[in-house]
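Work through these exercises with the sequence and the 3D view open. Try each task before you read its solution.

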Amino acid sequence: MRTLGLVSTVAALLGAGCLPQTGSTRNAFLTLTETFGSSLFESPEEQQSGGAGSAVESTEFRASMTLTLTNLSDDSDLNVKFAAWVKVNSLRDAEQEEALFRAGFVQLAEDVQLGSTISLPAGTFVYEGGGIAGSTQVFIPAAAAATAEGQTTAGRSEAFELVTPDAILIFYEPPVSCESVAFVFTQNGLPVEDSRVAAIGNIFGGASSNGGSKTLAQVDAYQCQPFEPGLFLNQAGGSLEPNEYFEGDSITIEFRRIPTGDGIAATVEIGG
């Protein structure tokens, strides 16, 4: 059909005297090519590929990564959530969008405010777990009782495979400060007694206690001053900050009910 249309175009142009006239008889197709360029005779496929080689194919959005959450407590169950999202301007084409959909992400239909600092506009891609901002509720039972040798296990874990997002937030209640609850330990379905210190300005409230509710300040990688909870994709290269990861990195977070001497109750490990 394209050839027939082209012949008709040539005939019409020749009949109307639209082509340049010279003192000698010339090949009409050669004259048409010189006037309008060779692209007039290329197929749509050739035009899209530049007339040489094959068209560049879009790749998958990003490499996958593994997020592993581990409960190190041998007598208390871990209750926590995580949210993961990708900004719209991080995508280049519709194929990458489809890759995110296949990987379990959905788009927000409206703006979502997650705590005091995280604003996710409508259209943001979130890993769908059913909660606010697509967050996923995670429950990990206490580590098994002592083994035959009298040693406790290394904890129980749950792992999630994700297309590398722009950011990941581990939390329990929407974060408004570093004293917001990051995760909770329970026994028989009830929170372990919470004896957090309530002193104003003490971001490590409860860090020295064995209470069940732990604060965002007790997650070692989180930034409190200025307040910016979460873990973030490093796209600029260079060395990683404690709250950053590279595309495809694995992230392991270990949760403990009895904090370390410096008040840490969750340790973030990032690796390739």
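**Exercise 1. A ring and its surroundings**

Is F105 buried or exposed?

Solution. Note at the start that this is a predicted model. Step one: take the relative accessible area of F105, which is 2%. Step two: compare that value with the cut-off, since buried means under 20%. Step three: conclude that F105 is buried, because its relative accessible area is 2%.

**Exercise 2. Ring pairs**

Find out how the rings of F82 and Y127 are arranged, and which other rings join their cluster.

Solution. Step one: count the aromatic pairs; there are six. Step two: take F82 and Y127, whose ring centres are 6.0 Å apart with planes at 20°. Planes under 30 degrees apart count as stacked, so F82 and Y127 are a stacked pair. F82 is in strand β2 and Y127 in strand β6 (residues 125-127), 45 residues apart. Step four: check burial. F82 has a relative accessible area of 1% and is buried. Y127 is buried too, at 16%.

Step five: turn to F105 and Y127. Their centres are 5.7 Å apart and the angle between the planes is 70°, an edge-to-face pair. F105 belongs to strand β3 (residues 105-107), and 22 residues separate it from Y127 in strand β6. Ring pairs connect F82, F105, Y127 and F160.

**Exercise 3. The disulfide**

Which parts of the chain does the link between C178 and C224 tie together?

Solution. Step one: count the disulfides; there is one. Step two: identify the partners. The sulfur atoms of C178 and C224 are 1.9 Å apart, and the two residues form a disulfide. Step three: read the handedness. The angle about the S-S bond is -95°, and the link of C178 and C224 is left-handed. Step four: locate both ends. C178 sits in the loop between β9 (167-171) and β10 (181-187), while C224 sits in the loop between β12 (213-215) and β13 (231-233), so the pair ties together parts 46 residues apart in sequence. Step five: check burial. C178 and C224 are both buried.

**Exercise 4. An open sheet**

In what order do the four strands of the open sheet run?

Solution. Step one: list the order, which is β8-β1-β15-β16, with mixed pairing. Step two: find the edges. These are β8 (156-163) and β16 (266-271), each pairing on one side only. Step three: note the twist, which averages 15° from one strand to the next. Step four: look at one pairing. β15 (residues 250-255) and β16 run antiparallel over six bridges. In this pairing, I253 faces V268 of β16.

Step five: examine T68, a residue of strand β1 (residues 64-71). T68 is buried, with a relative accessible area of 16%. Beyond its neighbours within four places in sequence, T68 is in contact with S157, E158, A159, I251, T252 and I253.

**Exercise 5. The core**

How many residues does the largest nonpolar core have?

Solution. Step one: the count is 55. Step two: name the residues with the most contacts inside this core: L69, I170, F183, I251, I253 and F255. Step three: find the strand that gives the most. Strand β2 (residues 77-86) does, with seven residues. Step four: look around F183. Leaving out residues up to four places away in sequence, F183 touches several residues, including L78, V80, Y172, V219 and F255.

**Exercise 6. The whole chain**

How many helices and strands are in the protein chain?

Solution. Step one: the chain has four helices and 16 strands. Step two: of its 272 residues, 40% are buried. Step three: take contacts between residues at least 6 apart in sequence; 63% of these join residues at least 24 apart.

Methods. Residues numbered from 1 in each chain as written. Predicted model: local features only at pLDDT ≥ 70, side-chain atom pairs only at ≥ 80, totals over all residues. Heavy atoms only, no water. Pairing = 2+ DSSP bridges. Helix = DSSP H or I, 4+ residues; strand = E, 2+ residues; numbered from the N terminus. Axes fitted to C-alpha atoms, helices over the stretch in contact; angles between N-to-C directions. Core = buried A, V, L, I, M, F, W, Y, C linked by side-chain atoms within 4.5 Å. Buried < 20%, exposed > 50% of the residue type's maximum accessible area, 1.4 Å probe, protein only. Contact = heavy atoms within 4.5 Å. Disulfide = S-S within 2.5 Å. Phe/Tyr/Trp six-rings, centres within 6.5 Å; stacked < 30°, edge-to-face > 60°.
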